[in-house]
Amino acid sequence: RVPILIVILFWMEEVDREHLVTALLKPQDIETLNSMAQWRKSFQEIEWQYPLSADCSLMVGCKYESLSFIFASCYQSAVKALVHAGDPENKFIRAVCATEGSGPFHPRKIATTIVFNEKANKFILNGEKSFVTMGSLADQYIVLAKVHSTDETDKAEFKIVLVNKGQSGVSLTELPPLPFVSHVPHAKVKFENVRIDSSAVLEGDGYVDYIKPFRTIEDTLIAAGVVGFLIQQLKKHQSWGHPELLEKAIMLAMTFRELSEMDPSNAGTHLVLAGVFSSLHELIGAIETLWDTSEESFKHWSRDKKILSIAQTARNLRLQKARLSKL
């Protein structure tokens, strides 16, 4: 016999899925936000209602008029899905600090170091991150740092370090807004002799266990937010007369939800993600043929949909490796 507790948990999970589908399909009051301060308050309310990262991403897509605030929400959901430590009350806005120098991220570029100072009984963090999404808004930084070693033959070891914005030695320089999702701030963040408690240095390898999977988590949740936005538009434009597109969008929403629960480091996850992205682009193509190009919503969509292609090169590389793997 199946234990009664397992039956109850399975039933609860099914109810949760049904509740999400109902929430996605029912009319929503669309929020027109004008600032990141407004977004922060609104996002925390939605996050409280939908604590699962994919559910939150889908719902902000349904509720927010602007892809800027959808992107910000999905990015935060990705960060919180990756790192649970250091924010017990779930109140922080956090930013991943990985990229250094110009061009795309690569671990070989990491010059930020962390070294243990026995006299101070603290770790000391030094370095500069050149492009930090939401850097000027964040309460806490999730910093990728190289463990300092005097032996050049040692293989590089990386750690994730949690640094609060107000700590001594932390400074930032705001960067110009991007030409798309322009409400989302970016910054350079510098760390000069920042003292770090051992509890703020997370277990595991900073690159393999955190930064690599984060890219997949972020891709999944941003795409989920875009699906939510497309559902919003399909409900708004029922005059298009294509209910099957809304059904496809709901199918994609639930697929991204399940995908968000898969291991982001597994090759199979990357194969599934590629297939779902392909279906998403097919849906986008079908919707764009129906959308009146003179509508402001279409103009904003045309500008901001670039969020789907930000990490396309890295996503393609992960897919190539997954195809070559034996799973």
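Predicted model: local features only at pLDDT ≥ 70, side-chain atom pairs only at ≥ 80, totals over all residues.
User: How are α3 and α4 oriented to each other?
Analyst: Let's look at the numbers. Helix α3 (residues 53–63) packs against helix α4 (residues 67–82) at an angle of about 175°, and their axes lie 9 Å apart. The cut-off is over 145 degrees, so α3 and α4 are roughly antiparallel.

User: How many charged residues are there in the contact of α3 with α4?
Analyst: On the α3 side you will find Ser53, Cys56, Ser57, Val60 and Gly61, which meet Ile70, Ser73, Cys74, Ser77 and Ala81 of α4. Sorting them gives five nonpolar residues, five polar and, for charged ones, none.

User: Is glycine 225 buried or exposed?
Analyst: Glycine 225 sits in helix α5 (residues 207–236). Its contacts beyond four places in sequence are Ser57, Gly61, Ile70 and Cys74. Its relative accessibility is 0% and buried means under 20%, so glycine 225 counts as buried.

User: Which residues of domain 1 lose the most area to domain 2?
Analyst: The chain is divided into domain 1 (25–81 + 211–325) and domain 2 (94–200). In their contact, 20 residues of domain 1 meet 19 residues of domain 2, and the area buried between the two domains is about 1700 Å². On the domain 1 side, 31% of the buried area comes from the three that lose the most, together: Met36, Tyr75 and Ile211.

Methods
Residues numbered from 1 in each chain as written. Heavy atoms only, no water. Axes fitted to C-alpha atoms, helices over the stretch in contact; angles between N-to-C directions. Helix = DSSP H or I, 4+ residues; strand = E, 2+ residues; numbered from the N terminus. Parallel < 35°, antiparallel > 145°, perpendicular 65-115°, else oblique. Contact = heavy atoms within 4.5 Å. Nonpolar A, V, L, I, M, F, W, Y, C, P; charged D, E, K, R; others polar. Buried < 20%, exposed > 50% of the residue type's maximum accessible area, 1.4 Å probe, protein only. Domains from an automatic or database assignment. Buried area = accessible area lost by both parts, 1.4 Å probe.
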